[in-house]
Amino acid sequence: MKIVIIGGGFAGLNLVSELANNPEFDITLVDKNNYNFFPPLIYQVATAYLEPASISYPFRKYLRDIKNVHFRMGEMVAVKPDQNIAVLHNGELEYDVLIFATGAETNYFGMENVKKNAIPMKTLNDALEMRNKLLQRMEKATLNKNSRERRKYMNIVVAGGGPTGVEVSGMFAEMRRGILRREYPELSTSVSNVYLVDGADALLAPMSKESQQDTYDALTKLGVVVKLNTRVTDYKDDVVYLSNGETIQSKNLIWAAGVGCRAFDGIPAESFGRAKRMIVDGNNKVVNTNNIYAIGDTCYMEADAAFPQGHPQVAQVAIQQGKHLAKNLKRQLKGEALTPFKYKDKGSMAIIGKNKAVVDLPSPKLHFKGFFAWLMWLFIHLMSLLTYRNRLTTFWNWMVSYFSWDQPLRMIIRPEKKQRVAPGATEPPKV
């Protein structure tokens, strides 16, 4: 069976692992990057607590000993379902089965100014861009003598009260208390705030009431200004506009408020649901198609009785769907009946700061907070990293940060764009 998998995240790699070195399957894994990365920890790269290499790993190195899997770096463009061809930006691939594991992308809800000016938090590129921008703005703040203008560089607004928003807000609040005072003495007397804005009436909406209240209390104790039942409506000229009529002067709007999916040409329009998620049946097959499947964040399944409104877009759903689809493909080759997917909720967690986290376990129904929950969060995320090298480097960085309350990774490293002027010319050539 010739399988093409689009996307090498949690869903795609778990599917590959289940079918690895099985001679009955010829697999091509396609991804627009040449590396896999661990999304739950990109905020730690963005805040300079982890190096990019700690949470990423090259696909080709990971796959080099798997004989039936080939890697193709490319970006999906369209599908020709009548010809069983996947069209990439750099060529075409034939398939017997096409599987979308493309994940989700940032959703700005149609707000063009926010899309243009906010800092997204979805990819490793976003994390590096965010780190560079924030460090550069801190340097500019030290040079600004106008206290009102300086505050724009220092104020941080985080939109979205889910795990990412909570975690990055807590991280910034702790950095402001420690690193800012030690390394930026010019700013020690300046007034600045970290704002966390969410449209719901509680943070971490899917979690328990206990976790929501514990998180709110911990963040406010750290000095984060939490604004609930409030949405960002616009962002222009360094002003964040809120739905309650308030405005916040800031050059730093971090967008963690929502995700959507990308629609691809060739997939019937009626196969897409809310936020462009592909509608699938109980076996993850995209409706109105014959041999196209979708797993992870990009799919929307109502067939699971426990989740009639679709599964949450979290890592565990993607992991379980990848493994389950692999088993169904093996059954299909043997002519056996396919089994529908049933999601097993293993719980949810979020870290708030040093020694502070919340954890909910569904069965038995338990809630943890504080230091023990923090240790649980560290262990689960550490063991979820792809390789032993990732785990060791991340563990080392965490230990350095824990005992020193610091991490020496705050370097502004980015390509410098220059246009050279030819001898005798008065301006750079136009390209």
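This is a predicted model: local features need pLDDT of at least 70, side-chain atom pairs count only at pLDDT 80 or more; totals for chains, interfaces and linings use all residues.

Biologist: How many disulfides does the rule give?

Modeller: The count comes to zero disulfides by this rule. Cys 261, with the sulfur of Cys 299 as its nearest cysteine sulfur at 8.7 Å, is in no disulfide.

Biologist: Is Cys 261 buried or exposed, and is Cys 299 buried or exposed?

Modeller: Burial is read from relative accessible area, with under 20% taken as buried and over 50% as exposed. Cys 261 counts as buried because its relative accessibility is 4%, and Cys 299 is buried with a relative accessible area of 1%.

Biologist: Let us turn to charges. How many salt bridges does the structure hold?

Modeller: A salt bridge is called when a side-chain nitrogen of Lys or Arg comes within 4 Å of a carboxyl oxygen of Asp or Glu, and the structure holds seven salt bridges. One of them joins Glu 92 and Lys 80, whose closest N and O atoms are 3.1 Å apart. Glu 92 lies in strand β8 (residues 91-94) and Lys 80 in strand β6 (residues 76-80), so the pair ties together parts that are 12 residues apart in sequence. Glu 92 is partly exposed at 43% relative accessibility, and Lys 80 is partly exposed at 29%.

Biologist: Which residue forms a salt bridge with Asp 214, and where in the chain do the two partners lie?

Modeller: The partner is Lys 369, with the closest N and O atoms 3.8 Å apart. This pair links distant parts of the chain, since Asp 214 sits in helix α9 (residues 209-222) and Lys 369 in strand β25 (residues 366-369), 155 residues apart. Asp 214 is buried at a relative accessible area of 17%, whereas Lys 369 counts as exposed at 53%.

Biologist: Which residue meets Asp 238 in a salt bridge?

Modeller: Asp 238 meets Lys 251, at 2.8 Å from N to O. Asp 238 lies in the loop between β15 (232-236) and β16 (239-242), and Lys 251 in the loop between β17 (247-249) and β18 (252-255), so the pair ties together parts that are 13 residues apart in sequence. Asp 238 is partly exposed, with a relative accessible area of 23%, while Lys 251 counts as buried at 18%.

Biologist: Which residues form the positive surface patch?

Modeller: The patch is formed by Lys 323, Lys 327, Lys 344 and Lys 346. Among them, Lys 344 is found in the loop between α10 (315-334) and β23 (348-353), and Lys 344 counts as exposed because its relative accessibility is 58%.

Biologist: Finally, how should I read the backbone angles?

Modeller: Most residues other than glycine have a negative phi, and most peptide bonds are trans. Leu 204, although not a glycine, has a positive phi of about 50 degrees; Leu 204 is found in the loop between β13 (194-197) and α9, and is buried at 1% relative accessible area. Ala 275 also has a positive phi, near 55 degrees, and its place is in the loop between β19 (259-260) and β20 (278-280), where Ala 275 is partly exposed at 34%.

Biologist: Which peptide bond is cis?

Modeller: The bond from Ser 363 to Pro 364 is cis, with omega near -5 degrees, and Pro 364 lies in the loop between β24 (356-361) and β25.

How values were computed
Residues are numbered from 1 along each chain as its sequence is written. Side-chain values use heavy atoms; hydrogens and water are left out. Patches are made of residues with over 30% relative accessible area and no salt bridge: like charges are joined within 9 Å, nonpolar side chains (Val, Leu, Ile, Met, Phe, Trp, Tyr) within 5 Å. Accessible areas come from the Shrake-Rupley method with a 1.4 Å probe; for residues, only the protein chains shown count as cover. Lys and Arg count as positive and Asp and Glu as negative; His and the chain ends are not counted. The place of a charge is taken as NZ of Lys, CZ of Arg, CG of Asp or CD of Glu. Helices (H or I, at least four residues) and strands (E, at least two) are DSSP runs, numbered from the N terminus. Buried means under 20% relative accessible area, exposed over 50%, partly exposed in between (1.4 Å probe, protein chains only). A disulfide is a pair of cysteine sulfur atoms within 2.5 Å.
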